2 protein chains.
Amino acid sequence: MPYFDAASSAPLHPVARQALQASLDEGWADPARLYREGRRAGLLLDAAREAAAEAVGCRPDELVFTPSGTHAVHAGMSGVLSGRRRVGLGVTVSAVEHSSVLHAASAHEAATGGTVTEVPVDRYGAVVPDTYAGALHEDTALACLQSANHEVGTEQPVAEVAEVCRSRGVPLLVDAAQSLGWGPVEGAWSLLTGSAHKWGGPAGVGLLAVRKGVRFAPRGPADERESGRSPGFQNIPAIVAAAASLRAVRAEAAAEAVRLRALVDRIRTRVPELVPDVEVVGHPEHRLPHLVTFSCLYVDGEALLHELDRADFSVSSGSSCTSSTLTPSHVLRAMGVLSEGNVRISLPAGTPEAEVDRFLELLPGVVTGVREKLGAPAGAGGARPVAATDPVGASVVVDALGRRCPIPVIELAKVFGEVPVGGTVTVLSDDEAARLDIPAWCEMRGQEYVGEQPADHGVAYVVRRVS
Amino acid sequence: MPYFDAASSAPLHPVARQALQASLDEGWADPARLYREGRRAGLLLDAAREAAAEAVGCRPDELVFTPSGTHAVHAGMSGVLSGRRRVGLGVTVSAVEHSSVLHAASAHEAATGGTVTEVPVDRYGAVVPDTYAGALHEDTALACLQSANHEVGTEQPVAEVAEVCRSRGVPLLVDAAQSLGWGPVEGAWSLLTGSAHKWGGPAGVGLLAVRKGVRFAPRGPADERESGRSPGFQNIPAIVAAAASLRAVRAEAAAEAVRLRALVDRIRTRVPELVPDVEVVGHPEHRLPHLVTFSCLYVDGEALLHELDRADFSVSSGSSCTSSTLTPSHVLRAMGVLSEGNVRISLPAGTPEAEVDRFLELLPGVVTGVREKLGAPAGAGGARPVAATDPVGASVVVDALGRRCPIPVIELAKVFGEVPVGGTVTVLSDDEAARLDIPAWCEMRGQEYVGEQPADHGVAYVVRRVS
């Protein structure tokens, strides 16, 4: 049963399971109590903190455990923003951060009137250090940058950006949720967050490291636990399991990274050969070893995931039709790449080669099936050319109002052949994904994307045929 | 190895352990995903929510899981206070709430300028419904009342207070952390919070029930999990274990309550017979079945706990010397009872009768030993009568500045016999516990507590001998 979504949550590592079970008998008491059971719980907690700090690359007293990676991000950001209030209320983030970072930045903006500066990314999803430097202002109290992107696997230039931030006196928070199992984060970061269930630890454990010297004032109700930085009774058995499994996956990381990178490279190479009209996204080299993402033209992401699930493959997607808000993933949008038919594959440690090969065998038929059901790319029906009035070149208007991704792009493709070189096709659409996918289609097809204009309903996207 | 501190954290119930282990294989995936592993995790989560809701007495869609009882309290209070902002910023709490409630109220006060009204309690630690009613104001957005007190075991008149709140249109949040394992909370409460590790479930799971119709606006960064009311990836194996163990302890609750109540009654009766100068606190009847608290005059709480731990008994204390802030428990203060030599015993389910009997055998010797080391109550040395100037009755001043609980009371007791009836003893003290313990000593000894006055250093506490 191939599970290819480790970036969402990894199956429990055997060491995590053993450590969890072994500490259930000793880790249930209150570590703040001085009696026997409390002291035992406290010793387990201390040992876990030391092990986790060593893996992170910080001092034990710089690291606290939180109930999740999300809590670590929220606590880290709000603590710095409160502590550095006198500096200002500005936050700088990359445009492709995890939603926990972006939502915490938005909440800060709404609550305090502080400003959030988003640093754009290149087509691979990476920030450019110079651009990041330009997004640090006089009033910037906090900068955030993930170690590697959770949707496309691209590694960020953290060490360079940390150096920029250091020279400007701005603390950098690194969300290392996706990379911490593979190795420590290099560079002079100030805060770091992680999430145990991403590396094969149990759910219920995040970690937050705050370097000595960072001005930090926990927000919210006072609580004595975890140095006042994370309220609530600690889940010590889970914390022990998290720390033990982090050590275990690290011991296996170098060899497993080589193995999975080869499998991912195979997917990156073979998918575009096996399936027409596919865009593989993310940086080809500076990337996580286990994660690869591609998008398929003329494909409904939800239908694709459903068919893969029927064939026992569990993957995830950034397509708009697979999100509750019907908007494409903010990461794909920031990268300006195709979002329809999007598939993210993230291989758990130990994934057998045969599973990847079976996926590659299966995928072309699945994509073809989904495309056929949609009548893509050049089938009949659905297109309604309603005008051809351009006196210079022929012009076709396609009304795709009320129709969801990938239909607007399919309709565009269907009529495109009818337009002479120099002519245009205007697609009327009220689907948010069209804004991303129509320009991406032009890029893939080598056609000219003229631009968008407001229309009576929705938006008019104009494409010129150049070949 | 008798563990008598279930009110801090209970050992894992066997059913919790089984459920946890059984769900590790199925509960690790993201329940928001539509693939097989996600659906399985989602089914486990749904089933746990139904079971927990049934035990709480609410609808499954009214209940969310949080990472701890503290998180449940924080989220519940801030959600109502945000949602009912237009009504006002007032919060009414009992003076003996858990610190998570009081700290959340203080944080609200500091952040918004809202006012916190504390409802006093009687000598047993209970609020009086009429008094509670008088503490609800025009601008009261939220009222909080625990189901039963965590330090002295007194049950609160929740149903009556809920009715008062309902008639005034104020939602009542009930912190049911200490009682939920024993049964549902009766009455028309609006919000309810609980904590799994208090009933023998695992750490890492709290629950928050919010009745339909309560205006509720989650504060903090947006997050889609748990209806937007508790951010972060859910710990499903722990949630499953929490729900399963709640059902299990409830099935055993009626019989176990009868058994433990008899043991607690034995402690309540025997301790004052076996140990001189003891005050048993908390309501004699309206109380949790498993919890009993008493204070011992002339005893250092830390030394007492240390000696009990050496004899293998794990208990907790509200004495000032056992707290990091060197102030007595706010609960004992609000009740106006003795805080020195305080011992809280909370029996886990299944506590053998023989352990309680062994405790009763052991306690007198331990208390005597601690008292002897302190030279109490009538030993020599330490008292320095520095003046006797009162023209009417003889007056003695005892300088106990710089000396911690229980020394000021011991010094008082030592010189008291030297003063004739009608005369006074003035104790100079800068120890916060003296404010509570000197009046409590007067009450226990049938002497008159005249009052306190500011002194050059610390406070002068005046006691008149009446017999």
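Domain bounds, as used here, come from an automatic or database domain assignment. In this predicted model, that assignment divides chain A into domain 1 (14–249), domain 2 (253–374) and domain 3 (395–464). Chain A superposes on chain B by a rotation of 180° with 0.0 Å of shift along its axis, at an RMSD of 0.0 Å. The two copies are thus related as by a two-fold rotation axis. Within chain A, Pro67(A) has the C-alpha nearest that axis, 3.0 Å from it.

**Domains of chain A**
- The centres of domain 1 and domain 3 of chain A, taken over C-alpha atoms, are separated by 42 Å.

**Interface between the chains**
- Contacts join 47 residues of chain A to 47 residues of chain B.
- Several helices of chain A each supply at least two residues of the side that touches chain B, among them helix H1 (14–23), helix H2 (36–56), helix H3 (69–83) and helix H4 (99–112).
- H4(A) provides the largest share of this side of chain A, with 4 residues.
- The copies meet through the same surface, because 100% of the interface residues of chain A are also interface residues in chain B.

**Helix H10 of chain A**
- Helix H10 of chain A covers residues 353–374, which makes 22 residues, and its first and last C-alpha atoms lie 32 Å apart, close to the 32 Å expected at 1.5 Å a residue.
- A bend of about 35° occurs in H10(A) at Leu362(A), and Pro364(A), a proline, follows within four residues.
- The buried residues of H10(A) are Val356(A), Phe359(A), Leu363(A), Val366(A), Val367(A), Val370(A) and Arg371(A).
- An α-helix has 3.6 residues a turn, so residues three or four places apart point the same way.
- The cover over the buried residues of H10(A) includes H7, strand S9 (291–296) and H8 of chain A.

**Helix H7 of chain B**
- Helix H7 of chain B (residues 236–274) spans only 48 Å between its end C-alpha atoms, whereas a straight helix of 39 residues would span 57 Å at 1.5 Å a residue.

**Strand S1 of chain B**
- Strand S1 of chain B (residues 63–66) is covered on both faces, with Leu63(B) and Phe65(B) buried on one side and Val64(B) and Thr66(B) buried on the other.
- S1(B) pairs with strand S7 of chain B (residues 206–210) in the antiparallel sense, over 4 bridges.
- Gly206(B) in S7(B) is the residue opposite Thr66(B).

Key
Residues are numbered from 1 along each chain as its sequence is written. Chains are lettered from A and ligands numbered from 1 in the order in which they are written. This is a predicted model: local features need pLDDT of at least 70, side-chain atom pairs count only at pLDDT 80 or more; totals for chains, interfaces and linings use all residues. A residue is buried if 20 or more other C-beta atoms lie within 10 Å of its own, exposed if 12 or fewer, and partly exposed in between; C-beta atoms are placed from the backbone. Two strands pair if DSSP finds at least two bridges between them. The expected span of a helix is 1.5 Å times one less than its number of residues. Copies are superposed by least squares on the C-alpha atoms of residues with pLDDT of at least 70 in both. Two residues are in contact if their C-beta atoms, placed from the backbone, lie within 7 Å. The bend at a residue is the angle between axes fitted to the seven residues ending there and the seven starting there.
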